[in-house]
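The entries follow in the order I made them.

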Amino acid sequence: MNNLKECLSIDQMEYLQKHGINIDCGSAIIYKISENPVYCGYSRNIVVVDSYINNYLDQYPSFTLQDILQLLPKQIVDTYNGYRLTIEFPYNEFWVGYTHYETREILKGCYGDSLIDATYKMLCWCIENGYVKQKQRII
């Protein structure tokens, strides 16, 4: 289980941008420091939060778990039902979803090896189904 992941990958951020999310407000920056997949025994990308580095080839904004949680609706309400954002850890996997206020019926849920990946999957579903507020999108 990889629950040490701190931010979304470049591919995940590109998907969000393609679907209208403003990614410029990400709390983390991924710096590309080498063209090689491995540089001095380390990954060619370095993730930095609340800081910066010099001598990089390119940089990409990235979302942390907190950024994703701020984008997700805390509740989804339709004509007859209300569902709240729920985070659980059953069976050594993270689960993020929307459960009914009273019956705990599941509207939608997503599993992931890391909390940030499960939350990202839930954000994608919310975007695709129109639950993310328009002010959070690029207009």
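**Entry 1: K5 and its partner**

I looked up K5 and found it partly exposed, with a relative accessible area of 26%. I used these cut-offs throughout: buried is under 20% relative accessible area, exposed is over 50%, and partly exposed lies in between (1.4 Å probe, protein chains only). K5 makes a salt bridge with D117, and the closest N and O atoms are 2.7 Å apart. A salt bridge here is a side-chain nitrogen of Lys or Arg within 4 Å of a carboxyl oxygen of Asp or Glu. K5 sits in the segment before α1 and D117 in helix α3, so the pair ties together parts that are 112 residues apart in sequence.

**Entry 2: Ground rules**

I noted that the model is predicted, that local features need pLDDT of at least 70 and side-chain atom pairs pLDDT 80 or more, while totals for chains, interfaces and linings use all residues. Residues are numbered from 1 along each chain as its sequence is written, and side-chain values use heavy atoms, with hydrogens and water left out.

**Entry 3: The chain as a whole**

I counted elements next. The chain has three helices and nine strands. Helices (H or I, at least four residues) and strands (E, at least two) are DSSP runs, numbered from the N terminus. Along the sequence the pattern reads α-β-β-β-β-β-α-β-β-β-β-α.

How much of the chain is buried? Of its 139 residues, 37% count as buried. The accessible surface comes to about 8,700 Å², and carbon and sulfur atoms hold 48% of that. Areas come from the Shrake-Rupley method with a 1.4 Å probe; for residues, only the protein chains shown count as cover. I also checked contacts, meaning heavy atoms within 4.5 Å. Among contacts with a separation of 6 or more, 48% link residues 24 or more positions apart.

**Entry 4: Helix α1**

Which residues of α1 are buried? In this helix (residues 10-18), they are Q12, M13 and L16. Seen down the axis of α1, the buried residues fall within an arc of 100°, so they line one face of the helix. The arc is taken from the directions from the helix axis to the C-beta atoms. I kept the general rule beside this: an α-helix has 3.6 residues a turn, so residues three or four places apart point the same way.

The cover over the buried residues of α1 includes β5 and α3 (115-128). On the face turned away from the buried side I found the exposed residues D11 and K18. Just after α1, G20 takes a positive phi of about 90°.

**Entry 5: β1 and β5**

I moved on to strand β1 (residues 28-32). It is mostly covered, with four of its five residues buried. Five bridges join β1 to strand β5 (residues 58-62), and the two run antiparallel. Strands pair if DSSP finds at least two bridges between them.

**Entry 6: R104 and E88**

I counted two salt bridges. Beside K5 with D117, R104 and E88 meet through their side chains (2.5 Å, N to O). R104 lies in the loop between β8 (94-100) and β9 (106-112) and E88 in strand β7 (residues 82-88), so the pair ties together parts that are 16 residues apart in sequence. R104 is partly exposed at a relative accessible area of 41%. E88 is partly exposed too, at 30%.

**Entry 7: Aromatic pairs**

I found two aromatic pairs. The rings of F89 and F94 have centres 4.7 Å apart and planes at 55°, so this pair is tilted. Rings of Phe, Tyr and Trp (its six-membered ring) pair if their centres lie within 6.5 Å; planes under 30 degrees apart are stacked, over 60 edge-to-face, the rest tilted. F89 is partly exposed at 40% relative accessibility, whereas F94 is buried at 13%.

I87 lies in strand β7 and is partly exposed, with a relative accessible area of 42%. Leaving aside neighbours within four places in sequence, I87 contacts L69, W95, V96 and L115. Its C-alpha is 6.6 Å from that of G97, ten residues apart in sequence.

Is T99 buried or exposed? T99, in strand β8, is buried, with a relative accessible area of 2%. Not counting residues up to four places away in sequence, T99 touches G82, Y83, R84, T86, R104, E105 and I106. T99 and I76 are 23 residues apart in sequence and 9.3 Å apart in space, C-alpha to C-alpha.
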